[in-house]
Amino acid sequence: MACPPAAHPSPPRQPTVKVILAAADVSRVVDRIAHQILEKTQGAADTVLLGIPTRGAPLARRLAARISTFEDVDVPVGVLDITLYRDDLRRHATRAIGPTELPPGGIDGKRVVLVDDVLFSGRTVRAALDALNDIGRPASVQLAVLVDRGHRQLPIRADYVGKNIPTSLAENVKVTLAETDGADEVKLVGGVPA
Amino acid sequence: MIRHLLSGADLDAATATQILDTAAEMATVAGREVKKLPALRGRTVVNLFYEDSTRTRISFEAAAKRLSADVINFSAKGSSVAKGESLKDTALTLQAMGADAVVVRHPASGAPHRLADWVDGSVVNAGDGTHEHPTQALLDAYTMRSRLGRLAGLHVAIVGDVLHSRVARSNVLLLSTLGAKVTLVGPPTLIPVDISAALAPGADVSYDLDAVLPGVDVVMMLRVQRERMNDSYFPSAREYARRYGLDGPRLRRLPEHAIVMHPGPMNRGMEITPEVADSPRSTIVEQVANGVSVRMAVLYLLLGGNNR
């Protein structure tokens, strides 16, 4: 079927919204990643979780809380703001920078697990790696994400993935968390059929 | 975000607060192993200084370098300016070299405003004549906020040669915007007539330092510029120091939490005694360190994004 001519525009279609993870799913996924971190790091010794703002920060705190309930270890948590390391600073109006909070023990010689909500182009993670480089010298760096939506533009992969969501570039993955947005949910927005 | 920083009046409360918050994050870089951020890589900052200055120029240079900008220092001595080049021709030269920001200090009030019309980049006023010095006001506000926890409701006394002080002017404008109350103190000859009406409706004027001291949170001492001492604004240096200098007994009359500030360079024994300058309540050295963070914040917010 051909589209109607421009002279008779169809009413604007609402973008489709599909819930991928509901609140209970999000908490199960966080639990699983916490278990995987414990398994892969042999009990999370010498491990530091660094959340990338905005939503990576509460995710990192949740992971640390779950890890301490499962195995009774306290994993240091921090926040790593990557604004000043972005490769698109000059394409937008000046961005406000957020706080960077490192755990008291620092990151030198530690295993750093970067935590973010969505892994997409990989550019945020590249910026985070650059930022880490200026702060200290971790023994190794891993990446944990709640959602991997594909479309990487850099050779970067995650070590821990909550959920792989195949998407088209026209679609948007929207993550909300109780700490920042009032409720836990992962939605797929857009992808209006032609 | 604003394009130039020429006056304390360019900043509304939200922008000023954003600069102070950004400066607080920039300050953490000073404690890191690598004291450098890549935010201004490939940008050029020109320090254009027509007047002698050590701390302001070095402070701007350190700030720009910590943000990875390229810095060109230009001082009027030993340049074409000594051969008679005008400000406009110098500006066009800098423009041709691709300066993204020009930090300018000039003995003529208003020179940075003129410069802003001639160059495409951002202009930062680093002190013009007896007019304004906005980044000094920002670093003073930053220092007050980090020592006392707030700015709104603070009572700040600015003491000394208000007439010739660009620091005082910028501070009155910025502090009023941020909700602090300012009292200007000095001999009547050194306080401009109608200054509170012209600058900030809320600012008070007093000629009696001792009466003001017990009620303030911050005392900011201004430098008595040596060249003024012979201009008969006051009878003698000793009389000035006796009436308007901050000494030990006056320090003890301040409220317990109050801090003492000075933009530097100090005349020890004139407006401030060594006992006061070196006391733990003086923030003079802190102000210098804070200056770098605040100027990093200003340069980042002016140049960091695409604000054109």
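Here is a short chat about chain B of this predicted model.

In this model, local features need pLDDT of at least 70, side-chain atom pairs count only at pLDDT 80 or more, and totals for chains, interfaces and linings use all residues. Residues are numbered from 1 along each chain as its sequence is written, while chains are lettered from A and ligands numbered from 1 in the order in which they are written.

Colleague: Is Pro112(B) buried or exposed?

Modeller: A residue is buried if 20 or more other C-beta atoms, placed from the backbone, lie within 10 Å of its own, exposed if 12 or fewer, and partly exposed in between. Pro112(B) has 29 other C-beta atoms within 10 Å, so Pro112(B) is buried.

Colleague: How far apart in space are Pro112(B) and Val123(B), C-alpha to C-alpha?

Modeller: In sequence, Pro112(B) and Val123(B) are eleven residues apart. In space, C-alpha to C-alpha, the separation is 6.9 Å.

Colleague: What separates the centres of domain 1 and domain 2 of chain B?

Modeller: Domain bounds come from an automatic or database domain assignment, which gives domain 1 (8-130 + 288-303) and domain 2 (134-286) in chain B. Taken over C-alpha atoms, their centres are separated by 25 Å.

Colleague: How many residues of chain A are in contact with chain B?

Modeller: Chain B brings 17 residues to this contact. On the chain A side, the number is 16.

Conventions. Two residues are in contact if their C-beta atoms, placed from the backbone, lie within 7 Å.
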